[in-house]
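Please keep the sequence and the structure in view while reading.

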Amino acid sequence: MGRHVLVWDAPNIDMTVANIIDGRPTARERPDLEVLGRWLVAQAGDDEVEACVFVNVAEHVAGPMRGWVLWLLEQGFRVFARPKVEDSDVDDDMVDHLFARQEEGILTRAYVGSNDARCFVEPMMDLVDDGVDVRILGFGEFAGGLSSQEEFTFVDLESIDGLFAAPLPRINLEVLPLEGRWFEPTGVLGG
């Protein structure tokens, strides 16, 4: 029996959703992590699952974020929180956690919820070389090399049933249904 470990880059996913919708995401536009937790458990079969959310906490959002962190803990997620100082980020913490699990000899599959190819392609290739099955959870049009590496399995977040309350307004021509898809205008014709 092995362990499947998710490292979820909450700041990166939130920023990517903000880029997609061209504004600050609401709860309805953010991924439902309860759904993600059920999906992870279903993927693991008999293996153990460890789901970890990584966050940078700016001083002005520490109070409001507390309720969300408590909710995550109640859903079975581990949370790693780091104070947001200047350009601090949680990417290295995510990679360190996966390598710590690999060194324990229990990591069979790593899920990386991020679109940050700059920080994750090389270390995830090292995990693949060590026999770990790496799955990237993100948005193909924003994930760069994370979505195109043959050694990784890329899972578009919107392909996880129920993860979003409604489809995001993506102009993603790489993942079209066979029957086609309409894209609705965002501006006024002739205006």
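In what follows, a contact means heavy atoms within 4.5 Å. Helices (H or I, at least four residues) and strands (E, at least two) are DSSP runs, numbered from the N terminus. The model is predicted: local features need pLDDT of at least 70, side-chain atom pairs count only at pLDDT 80 or more, and totals for chains, interfaces and linings use all residues. Residues are numbered from 1 along each chain as its sequence is written, and side-chain values use heavy atoms, with hydrogens and water left out.

- The expected span of a helix is 1.5 Å times one less than its number of residues. The 12 residues of α2 (residues 33–44) should therefore span 16 Å, and the end C-alpha atoms are 16 Å apart, in agreement.
- At the N-terminal end, Asp32 caps α2, with a side-chain oxygen 3.0 Å from the backbone nitrogen of Glu34.
- Gly45 follows α2 and has a positive phi, near 60°.

**Strand pairing around β2**

- Eight of the 10 residues of β2 are buried, so that the strand is mostly covered.
- Two strands pair if DSSP finds at least two bridges between them. β1 and β2 pair in the parallel sense over seven bridges, and Asp9 stands opposite Phe54 in β2.
- β2 also pairs in the parallel sense with strand β3 (residues 78–83), over six bridges; Val57 has Pro83 in β3 as its bridge partner.
- A right-handed β-α-β unit is made by β2, α3 and β3. A crossover is right-handed if, with the strands pointing away from the viewer, the path from the first strand over the helix to the second runs clockwise.
- The helix of that unit, α3, has 13 residues and reaches 18 Å from its first C-alpha to its last, close to the 18 Å expected at 1.5 Å a residue.
- Just after α3, Gly76 takes a positive phi of about 100°.

**Nonpolar cores**

- A nonpolar core is a set of buried Ala, Val, Leu, Ile, Met, Phe, Trp, Tyr and Cys residues joined through side-chain atoms within 4.5 Å.
- The largest such core has 28 residues, and those with the most contacts inside it are Leu6, Trp8, Leu36, Trp39, Val53, Leu137 and Leu157. At least two residues of this core come from each of β1, α1, α2, β2 and α3.
- A second, separate core of 23 residues includes Ala110, Met124, Leu127 and Ile136.
- Beyond its neighbours within four places in sequence, Leu6 is in contact with Leu36, Leu40, Glu50, Ala51, Cys52, Phe77, Tyr111, Gly113 and Leu137.

**Individual residues**

- His4 lies in strand β1 and is buried, with a relative accessible area of 5%.
- The side chain of His4 makes a polar contact with the side chain of Asp47 (3.1 Å). A polar contact is a pair of N or O atoms within 3.5 Å; within protein, one must be able to donate a hydrogen and the other to accept it, and residues adjacent in sequence count only if both atoms are side-chain atoms.
- Gln43, in helix α2, is partly exposed at a relative accessible area of 31%. Not counting residues up to four places away in sequence, Gln43 touches His4, Arg109, Tyr111 and Arg135.
- Gln43 and His4 are 39 residues apart in sequence and 8.8 Å apart in space, C-alpha to C-alpha.
- Thr16 belongs to helix α1 (residues 10–21) and counts as buried because its relative accessibility is 4%. Residues up to four places away in sequence aside, Thr16 touches Asn115, Phe139 and Phe142.
- Trp182 is in the segment after β6 and is exposed, with a relative accessible area of 74%. The C-alpha atoms of Trp182 and Met1, 181 residues apart along the chain, are separated by 44 Å.

Terms used. Buried < 20%, exposed > 50% of the residue type's maximum accessible area, 1.4 Å probe, protein only.
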